[in-house]
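I opened my notebook and went through this structure one piece at a time. Here is what I looked up, in the order I got to it.

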Amino acid sequence: MAFPVSDPTPDGVARCLVVDDEPGVRRALTRLFRQQGFACLEAATGREALELLTEMGEVPLIVSDMRMPELDGMGLLQEVRRLHPDTAVILLSGATDTATAVECLHRGAADFLVKPVSLDELQARVIRALEKRALVAQNRFYQANLERRVHEQAERIQELFLQGVQMLARALEAKDAYTRGHSIRVSQYAVATARQLGFDPVAVDQIRLGGELHDIGKIGTREAVLHKPGSLTDDEFGQIREHPALGEQMLSPLAHETPSVLRCVRSHHERIDGLGFPDGLEGDAIPIEARIIAVADTFDAMTTRRPYRAPWSPEDALSELQRVSGTQLDGACVDAFAAAYPECVGLVPAV
Ligand SMILES: [Fe+2]
């Protein structure tokens, strides 16, 4: 029966290293391994064995005597476990010392045999050690592969979820002529502002998505309230105020991968003076992504037609942003949006 080794050298032969200070023992062992198709390396001491490994690279199997000059079998075992943890090390000892045998196994030896060893017995133990080594390698491969597959599937699930909510956001707007295109415009204004503020491309992408989804929680608001032409009662306004937290809840599957999208959704109605909702955050306590969305959202609300009023001109809307800068909106975000506005001109709906 051949030894089960899956990692032969480039010339197709698996290597093993026989370490013993008695030339006669080395000869007998190398003969056995060569018959099994191994290319055998030989060393007379642990030190010599380590030098050979440094020179020739890892071997699947080491069969080593325990008692040798310079570096004994236990010392060699420790070094091999540290440098080549995949190598199976079988130790041979002249002493029937159970404590040593247990310690060798404890320190990671694949097996421990007492001399004199019959070649049949050694062959059986080697087969077992190499099978175990192959199984450990296979396990590790499957584990790594499984983790990659799980990761890929998790990404795909998130992608599908995201596509779903984006479609939902568009469906929500499509029902209302006055808000049609609102989220996309808010997203584009916010992206221009974020770039102006020097955000990196990954952060800009999250703001893009945050803008697209910022009002997704309105799906939970009754249409009669959402599209009411007149002023809202306290109760109705209370319902509107729920949409940021509801939106954050809806998007919670994205929390791990894209947390700043959730911050955009939850905090886009906060105000610098702390009078916003849902958390009444103040100043810098409001996430920067949400402060950017708030500017974009306010500008788009002013420059689009409402059932009860005509749209503001972009110039008037920009002046209004400046007027509420520092109380309702973040000053730096207002300035960044104003600086980036020339590239957004084409996005403003025609009056
Ligand atoms: Fe909103």
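Before listing buried residues I wrote down the cut-off: a residue is buried if 20 or more other C-beta atoms lie within 10 Å of its own, exposed if 12 or fewer, and partly exposed in between. I also noted that this is a predicted model.

**Entry: helix α11**

Which of its residues are buried? I got S260, V261, L262, R263, C264, V265, R266 and S267. That is 8 of the 9 residues, so α11 is largely enclosed by the rest of the structure. Then I checked what does the covering, and found α7, α10 and α12 among the elements over those buried residues.

**Entry: domains**

Next I looked at how the chain is divided. Domain 1 takes in 14-145 and domain 2 takes in 175-347. Their C-alpha centres lie 68 Å apart.

**Entry: helix α5**

I followed α5 from residue 119 to residue 174, which is 56 residues. From its first C-alpha to its last it reaches 81 Å, close to the 82 Å expected at 1.5 Å a residue. Which residues of α5 are buried? My list reads V126, A129, L130, R133, V165 and A169. The cover over them includes strands β3 (61-65), β4 (88-93) and β5 (111-114). It also includes helices α6 (182-196), α7 (201-213) and α10 (243-250).

**Entry: strand β1**

How many residues of β1 (residues 14-19) are buried? I counted 6 of the 6, so this strand is largely enclosed by the rest of the structure. I then sorted them by face: A14, C16 and V18 sit on one side, R15, L17 and V19 on the other, and all are buried.

For partners, I found 6 bridges joining β1 to β2 (residues 38-43), and the two strands run parallel. Within that pair, L17 stands opposite L41.

**Entry: F33**

I stopped at F33, which is in helix α1. Is F33 buried or exposed? It has 23 C-beta neighbours inside 10 Å, so I put it down as buried. Leaving aside neighbours within four places in sequence, F33 is in contact with C16, V18, F38 and C40. I looked up its distance to Q123 as well: 90 residues apart in sequence, but 8.6 Å apart in space, C-alpha to C-alpha.

β4 pairs with β3 in the parallel sense over 5 bridges, and S64 stands opposite L91. The chain gets from β3 to β4 through α3, in a right-handed β-α-β crossover. β4 also pairs with β5, again parallel, over 4 bridges. The bridge partner of I90 in β5 is D111.

Where are the cis peptide bonds I noted? One joins K115 and P116, with omega about -5°. P116 is in the loop between β5 and α5. Another joins F277 and P278, with omega about 10°. P278 is in the loop between α11 and α12.

I also wrote down E70, which is not a glycine but has a positive phi, near 65°. E70 is in the loop between β3 and α3 (73-83). It has 14 C-beta neighbours inside 10 Å, so it counts as partly exposed.

**Entry: helix α14**

Last page: α14 (residues 331-340). Its buried residues include C333, V334, A336 and F337. They cover an arc of only 165° around the axis, which puts them on the same side of α14. I remembered the general rule here: an α-helix has 3.6 residues a turn, so residues three or four places apart point the same way. The cover over the buried residues of α14 includes α6, α12 (288-303) and α13 (314-323).

Key
Residues numbered from 1 in each chain as written. Predicted model: local features only at pLDDT ≥ 70, side-chain atom pairs only at ≥ 80, totals over all residues. Expected span 1.5 Å × (residues − 1). Contact = placed C-beta atoms within 7 Å. Pairing = 2+ DSSP bridges. Arc of directions from axis to C-beta. Domains from an automatic or database assignment. Right-handed = clockwise from strand over helix to strand, strands pointing away.
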